Structures are given as structure tokens and as C-alpha cells.
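Me: I'd like to go through this structure with you, a few questions at a time. Ready when you are.

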Amino acid sequence: MEGKAVQRKLAHARLQRSGNLGKEVKKMTLEELESVFIEKFQEKFKLTTRDIKRAFAFYDYDGSGFLDPEELTDAISHFTNGVDKKLVGELVTHYDIDGNGNISLEEFTQFLLSRNGSRDKWITV
């Protein structure tokens, strides 16, 4: 378990050095952020249970079983070359079904899999 924590900290440090960690990018809407993140995510991972769990575990730095807003910001920044933290807050609000302020694996999976055409047709649980 210690090795995973070290890997996660190294990934976080790489993001910091790259300048992408929490970097403000062109203003995007929430819908644009979701689209860009999911598109880039799918370039590296398949939307399979196994790959989603692996990606989730990689960014769950503290091993809590949740992505807190900072961890989610890191994950999104990794795929989008920066992100507006306010948008991440909106994303958490939209997909945090249980209202604990964090994103669980189930909520993360639902976010990735719920995309089905236009926003009006997206499935939210």
C-alpha cells in the first residue's frame, strides 16, 4: 500500500512541475469541461469497470475511497492541461449524489458513463 501512496504523490508532483495543477485555462462551461475531460480520459482509458477503478485509485491520493475536490482537480488538470477550480466545484455539486462534498467511485463511474448525447439526455442518478 505504501508504494501506491508514493506513486500518487509522484504523479501529483509531476502535475505541479508541469504547471497544469490547478492552472486556469480558457473559460469553459461545465458542459465543455465534462466533454473535454471525458474525451481525453477515453484516449488513455477504456470505460470499463477495471480501467475506471484504476484511474480512480490513482487520483485518490489519500486512499479514502473518495476524490475530494483537490484530487478531482488534479485528475481533470492531468487530462485538460488545467482547470478552473470553480468548475470543479460545480462538477462535484452536480455529481455528488450523497452530498458529502466528495466523489465516490460510484459517482465517478456514473459521471463517466452517463454521457448520452445532449445534456438533456444525460442520465443522472
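Me: Does Arg54 count as buried, partly exposed or exposed, and at what relative accessibility?
Reply: Keep in mind that this is a predicted model. Buried would need a value under 20%, and exposed one over 50%. Arg54 is at 44% relative accessibility, so it counts as partly exposed.

Me: And which residue forms a salt bridge with Arg54?
Reply: Opposite charges on side chains can pair when the charged atoms come close. Here the closest N and O atoms are 3.2 Å apart, and the cut-off is 4 Å. Both partners sit in helix α3, three residues apart, about one turn of the helix. Arg54's partner is Asp51.

Me: Is Asp51 buried or exposed?
Reply: The line for buried is drawn at under 20%. Asp51 comes in at 9% relative accessibility, so it counts as buried.

Me: How many salt bridges does the count come to?
Reply: The pair Asp51 and Arg54 qualifies, with its closest N and O atoms 3.2 Å apart. By this rule the count comes to one.

Me: Over in helix α4, what does the side chain of Glu71 reach at 3.0 Å?
Reply: Glu71 lies in α4, residues 69-80, and at 3% relative accessibility it counts as buried. Leaving aside residues up to four places away in sequence, Glu71 touches Tyr59, Asp60, Tyr61, Asp62 and Phe66. What its side chain reaches at 3.0 Å is the backbone nitrogen of Tyr61.

Me: Why do the buried residues of α6 line one face of the helix, and what is the arc?
Reply: The residues in question are Leu105, Glu107, Phe108, Phe111 and Leu112. Looking down the axis of α6, they line one face because they fall within an arc of 165°.

Me: What do those buried residues of α6 pack against?
Reply: The partners come from both helices and strands. They are α2, α3, β1, α5 and β2.

Me: Which residues touch the most other members of the largest nonpolar core?
Reply: That core has 28 residues, and the elements giving it two or more are α2, α3, α4, α5 and α6. Take Phe41: not counting residues up to four places away in sequence, Phe41 touches Leu47, Ala55, Phe79, Phe108 and Leu112. The residues touching the most other members are Phe37, Phe41, Leu72, Ile76, Phe108 and Leu112.

Me: Stepping back, in what order do the elements run from the N terminus on?
Reply: The chain has six helices and two strands. From the N terminus on, the order is α-α-α-β-α-α-β-α.

Terms used. Residues numbered from 1 in each chain as written. Predicted model: local features only at pLDDT ≥ 70, side-chain atom pairs only at ≥ 80, totals over all residues. Heavy atoms only, no water. Buried < 20%, exposed > 50% of the residue type's maximum accessible area, 1.4 Å probe, protein only. Helix = DSSP H or I, 4+ residues; strand = E, 2+ residues; numbered from the N terminus. Arc of directions from axis to C-beta. Contact = heavy atoms within 4.5 Å. Polar contact = N/O pair within 3.5 Å; in protein donor to acceptor, adjacent residues only side chain to side chain. Core = buried A, V, L, I, M, F, W, Y, C linked by side-chain atoms within 4.5 Å. Salt bridge = Lys/Arg side-chain N within 4 Å of Asp/Glu carboxyl O.
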